[in-house]
Amino acid sequence: MKQLFKLLLVSLAGLVLLGCAHPITMNPDWAGIQAKNIVKIDRQVAYYISDANRALEVTTSGGGGDMVRYFPYRDIEPGFYKALSDVFRGVTKVQNPKDLEALRKNGISLLITPEVSTSSSSSSLVTWPPTQFTVTLSCVVTDAAGQTVHKLVVTGSGNAEFAEFAGNHSLAAVRASTDALSKLLKALGETPELRR
Amino acid sequence: MSHLARAACLASVLVAAVFTVGCAGVAPNYAPSIDNVQSLKQSGAQPAKVGAVVVQADIPGGKSIGLRASSISSPVGENYGDYIATALRQELELAKLLDPQSGVEISGTLLRNNIDAGGFSTNSGQIEARFLVKRAGQLRFDKVKRIEHSWESSFAGAVAIPRAANNYPVMVQKLIGTLVADPDFIQSLQK
């Protein structure tokens, strides 16, 4: 009987104390993605995110030896769409980036393909939410002929201390994605190659 | 206290810790559904404004949703009616159909807002809301929409609770999806 309890205790302690992967989100703060002093680019653009990327769940470091997991593409996509629609006249998503004929028929002059990479860490030994988070957005912009027009990389970072994230465990990730999208919006608006 | 009793006591504390992990937090920010946005863009709807989505008096989950021993409140406004109104504004904004000066107004009442987070293998949530569309004060649309959404859960509260909270924006996406897919709703936004 005693041995059974010991086993139970060890198992439960393992569940409580050891490497859980806690789900968080990177849904940005909408109010933080606003176009300021940007002259809109009079072009219809499309973007492509594969279904595999949308379903991709990644696991990175949290605090106290724990991990966090989230869906970077799925969570960043609406904010990415907003950033593009704040800079360009029209935005649409496409399922097949190789169908150049369909792009031309729909008046799409630029195709933007983002790649999202993230990292996280925590200075805490006892709490699991990340205190530092970074989001890097690398965008390849091609024209209607499939030729690369521009490559653009922005990195957003977010920090959150214990007092702040007690009510929102995703706070550092939210801040990082908001920062990255805000920088993307600015960078797109300031890239002359996209206006030609 | 015997070793056995101590062990049992410690085990129950650990079970409670695994299951509950209690604290109060906020739901994740809403993330608009691009499918909803594309549907709205292609619908021929005219720009509209979003009025209040009020919470029906005394419904549980109107201000705060219980998730085991935790709870989550809306990250915007006073309650989950404000969350849904904000979600509608964001979807219309992305579709370029949001106009605060429009004579067409979408409003609503939140009738049910619930997440069952107690399950070890699956959890689910339900939202029910009545939506109204008025054009120059005249009622053009009045329907109740409801959704049910379920997801994989876990015995461990540290996984089950955030996962339940993270599914709330998905529930709201589904709710707005049912609205956008209703031809009567789209017709009420057309001239």
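Q: In what sense do β1(A) and β4 of chain A pair, and over how many bridges?
A: β1(A) pairs with strand β4 (residues 67-70) of chain A in the parallel sense, over 3 bridges, and A:His22 has A:Val68 in β4(A) as its bridge partner.

Q: What should I keep in mind about numbering and confidence?
A: Residues are numbered from 1 along each chain as its sequence is written, while chains are lettered from A and ligands numbered from 1 in the order in which they are written. Because the model is predicted, local features need pLDDT of at least 70 and side-chain atom pairs count only at pLDDT 80 or more, whereas totals for chains, interfaces and linings use all residues.

Q: Which secondary structure elements does chain B contain, and in what pattern along the sequence?
A: Chain B has 6 helices and 7 strands, and along the sequence they follow the pattern α-β-α-β-β-β-α-β-β-β-α-α-α. Strand β6 (residues 122-135) of chain B pairs with strand β7 (residues 138-152) of chain B in the antiparallel sense over 14 bridges, with B:Thr122 opposite B:Glu152 in β7(B). The hairpin of β6(B) and β7(B) has 2 residues between the strands, and B:Ala136 takes a positive phi near 50° there.

Q: Why does A:Pro97 count as partly exposed?
A: A residue is buried if 20 or more other C-beta atoms, placed from the backbone, lie within 10 Å of its own, exposed if 12 or fewer do, and partly exposed in between. A:Pro97 counts as partly exposed because it has 18 C-beta neighbours inside 10 Å.

Q: Where is A:Pro97 placed, and which residues does A:Pro97 touch?
A: A:Pro97 lies in the loop between β5 (88-93) and α4 (100-105) of chain A. Two residues are in contact if their C-beta atoms, placed from the backbone, lie within 7 Å; not counting residues up to four places away in sequence, A:Pro97 touches A:Tyr48, A:Leu111 and A:Thr113.

Methods. Two strands pair if DSSP finds at least two bridges between them. Helices (H or I, at least four residues) and strands (E, at least two) are DSSP runs, numbered from the N terminus.
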